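Trainee: Could you walk me through reading a model like this one?
Mentor: Gladly, let's look together.

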Amino acid sequence: MSTLHTVQKPLTVLVALVLALLIGGCELPKPPRTMDELVAGTRDDDAGAAEELLSFLGSRSTSDERALAYRTLLEKGKLIAPRIIEACTNSDAGSGSDYDQGLREHALALAANLKLEGTFEAASKALADPGFKRAHAAAWALGELGDPAAIGALVTALISTPSEIAAREAARALARFGPKAIIPLVEGLAAMNTTRRGYALRNLGELRDVRGRPALIAALRKPATRADAVWALGTMGRVKTAENGGNEIFDLTAYLQDDDWRVRVEASRSVGLLRDRSAAPQLDALRQTDGVMAVREWAARGLSLIKGEPQPYMNSAGEWVITDSLYH
């Protein structure tokens, strides 16, 4: 068989196929739309383009593509609300690939921002799913939605999620619920490991509710949670009750002499925030003589807050230097 004949045969078949498609009224497959075309189509309310953009939220796309797709869907995502909720719920089924995990993560954030119906249920399921490696997105979504019904699930996650990132995000989400989170946080403390208990204690300080104070005081008795408790009591500030009119502070000066330098750092910070003038002599000594420079520096910061003007500390070269101010 000649080479010419060999080449002509597949060409003849290809021509015949094209003719058959044209005669049959079929069209050749269209080339995939570019990113710019998908964005423009979505903004013109093309649901098909929006669905294609949703697929770009997975990990196979570039970070720039994901960012552009996400921004566009924040504007027009309600066009495909059911598809977004489906991605929140089912995208890690089967293989649980990085693509699926990434798509689920971004879909949860998108659904929460858009406040889509079904987001609460999808995020609750995702937070409790041990196969979902990016459960921090579900914790964030529940905090963003603001439904107090999520508090129990977030406390459970803070206690038991295998992901430390998700635990931290659950703590941040709980702080957004304000006073409603106080009692569930206090009741969950005993079941938390030391690190997670620290997150919860700091939450209680940030929430500044007198009902959290007994748990913080109890945590002072345990060396493992003392630094977090000192930080939280300083952050809580002056506690207002019916009896004291809001002027009572917890005396933290004893912790300026704690054996743990981290506790001394937190105590220096806290007595400064509380403007506890009785702590000034100890802070003055610490900024000069403490064996840990971080303590000397924070003692100077605390003293600055009490005295109302910058105070130097002794650096490692034995020189007096002014701290940079963290309080503006």
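Trainee: What share of the contacts in the protein with a separation of 6 or more comes from residues 24 or more positions apart?
Mentor: A contact means heavy atoms within 4.5 Å. Here residues 24 or more positions apart account for 58% of those contacts. Keep in mind that this is a predicted model, where local features need pLDDT of at least 70, side-chain atom pairs count only at pLDDT 80 or more, and totals for chains, interfaces and linings use all residues. Residues are numbered from 1 along each chain as its sequence is written, and side-chain values use heavy atoms, without hydrogens and water.

Trainee: How many helices and strands does the protein have?
Mentor: Both are DSSP runs numbered from the N terminus: helices are H or I with at least four residues, strands E with at least two. This protein has 17 helices and 2 strands.

Trainee: Is Asp 276 buried or exposed?
Mentor: Buried means under 20% relative accessible area (1.4 Å probe, protein chains only). Asp 276 is buried, and its place is the loop between helix H15 (261–273) and helix H16 (280–289). Beyond its neighbours within four places in sequence, Asp 276 touches Ile 249, Asp 251, Thr 253, Val 271 and Ile 306.

Trainee: Which side chain of opposite charge is nearest to Asp 276?
Mentor: A salt bridge needs a side-chain nitrogen of Lys or Arg within 4 Å of a carboxyl oxygen of Asp or Glu. Asp 276 has none; Arg 238 is the nearest, 7.2 Å away.

Trainee: Where does the charged end of Arg 301 sit?
Mentor: Over the ring of Trp 298, 4.5 Å from its centre. The criterion is CZ of Arg or NZ of Lys within 6 Å of the ring centre and within 35 degrees of the ring normal.

Note on methods: Buried < 20%, exposed > 50% of the residue type's maximum accessible area, 1.4 Å probe, protein only. Lys, Arg positive; Asp, Glu negative; His and termini not counted.
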